[in-house]
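Dear colleague,

Please find below the structure that I am handing over to you, with its sequence. My notes on what was found in it follow.

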Amino acid sequence: MDETAILNELSIPKDAWFLRNLPFNQLAQRLTPKQRKLCEETIESYGIRILATITPRNTKIPSYEDENEKYEEIHLYAIKLKAWQKQKELYRIFTQLIPYPLVIIFHQGEKMEWTIAKHHRHANGMSLVVDKMYQSKHEVSQSDYLNKFNFQNMNKNNLRTFYDSLIAGMVDLELKVSYQVETKDTANEEYLMRLQEIDVQIAKLQKQARKEPQMNQRLPLHINIHELKQEKEQLMKELEKC
């Protein structure tokens, strides 16, 4: 992975570039034996790189803090994997080690995956608790993600709005690839979540219907499926107007 090329594509200011290895052995002392074993089995030696740290000092973007969240810095990491697995578990581990919101690029060979998350502060003040994780889709090109995450396209009111812009960009790309919907609005997360819920419900009901031998028992299932498809169609129409 060409780290310099990625930072240039993202238009991240040079003052925010870091390009150093993470001193993992020092931080690993805070992990459980099970977590350390997972990292050793899945991450290449010296495979954890800090690409950039976005701070008020090097970007002039103000920090943000409330009783639940704190955005003093945003860190961009690249983690080289031995095997294409366990990205979610690894992301959660690093939120325990690093007290700043993270953007992690997992990579192995030609594969790349962006992972970000909504989170809140742990009571200890030294780590983050993940509320919802977002992962890039292989159906979407890396150039699309690099364009969406470009520094110039982010909301720079403060570091929280900056990070929320990253999430919004990932949501927009998932709507585009999964539901063929493009919008100009950045507040589409609730739509995506409901569309995903509907897809899960439809798949579950369809599976039940295929297994149900009695017509009078299948009929209510098909009615429910039809109603969910209508709701999905309505949601997509609303999104197209955004």
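In these notes a residue counts as buried when its relative accessible area is under 20%, and as exposed when that area is over 50%. Please bear in mind throughout that this is a predicted model.

Cys39, located in helix α3, deserves a separate remark. The relative accessible area of Cys39 is 3%, so this residue counts as buried. Apart from neighbours within four places in sequence, Cys39 is in contact with Phe24, Leu31, Leu90 and Ile93. Between Cys39 and Phe18 there are 22 Å in space, C-alpha to C-alpha, at a separation of 21 residues in sequence.

I turn next to the protein as a whole. The chain folds into nine helices and eight strands. Of its 242 residues, 44% are buried. The C-alpha trace spans about 65 × 45 × 40 Å along its principal axes. Among contacts between residues at least 6 apart in sequence, 66% join residues that are at least 24 apart.

The sheet is as follows. Six strands make up an open sheet with mixed pairing, and their order is β1-β2-β5-β6-β7-β8. At its edges are β1 (17-21) and β8 (128-135), each of which pairs on one side only. From one strand to the next the twist averages 25°. Helix α7 (residues 159-179) packs on this sheet and touches β2, β5 (74-81), β6 (102-108), β7 (111-121) and β8. The direction of α7 makes about 135° with that of β7.

Two of the strand pairs may be described in detail. Strands of a sheet pair through backbone hydrogen bonds, in either a parallel or an antiparallel manner. β1 and β2 (residues 43-54) run antiparallel and are joined by three bridges; in this pair, Arg20 stands opposite Ile50 of β2. β7 and β8 are also paired in the antiparallel sense, over seven bridges, and here Arg121 stands opposite Leu128 of β8. The hairpin of β7 and β8 has six residues between the strands, and within this hairpin Gly125 takes a positive phi near 75°.

Strand β2 also contains Thr53. With a relative accessible area of 12%, Thr53 falls under the cut-off and is therefore buried. Beyond residues up to four places away in sequence, Thr53 touches Ala16, Phe18, Asn58, Glu73, Ile74 and His75.

Pro213 lies in the loop between α8 (189-211) and α9 (215-241). Pro213 and Pro101 are separated by 112 residues in sequence and by 51 Å in space, C-alpha to C-alpha.

Lastly, I come to the empty space in the model. Rolling a probe the size of a water molecule over the atoms shows where such space is left. The largest pocket has a volume of about 340 Å³. Its lining comprises 15 residues, of which Phe24, Asn25, Glu44, Ser45 and Tyr46 are the closest to the centre. At least two lining residues come from each of α2, α3 and β2, and β2 supplies the largest share, six residues.

The structure also holds one cavity of 30 Å³ or more. The volume of the largest cavity is about 120 Å³. The residues that line the largest cavity are Leu10, Ile12, Ile54, Ile74, Leu76, Val103, Trp114, Phe149, Phe151, Phe162 and Leu166. β5 and α7 are the elements that give two or more residues to this lining.

Yours sincerely

Terms used: Residues are numbered from 1 along each chain as its sequence is written. This is a predicted model: local features need pLDDT of at least 70, side-chain atom pairs count only at pLDDT 80 or more; totals for chains, interfaces and linings use all residues. Side-chain values use heavy atoms; hydrogens and water are left out. Two strands pair if DSSP finds at least two bridges between them. Helices (H or I, at least four residues) and strands (E, at least two) are DSSP runs, numbered from the N terminus. Axes are lines fitted to C-alpha atoms, for helices over the stretch in contact, and angles run from 0 to 180 degrees between N-to-C directions. Contact means heavy atoms within 4.5 Å. Buried means under 20% relative accessible area, exposed over 50%, partly exposed in between (1.4 Å probe, protein chains only). On a 1 Å grid over the protein atoms alone, a cavity is a set of points where a 1.4 Å probe fits but cannot get out, and a pocket is an open set with protein on both sides within 12 Å along at least five of seven lines; lining residues have an atom within 4 Å of a point. Grid points are joined across faces, edges and corners, and a volume is the space filled by probe spheres set on the points.
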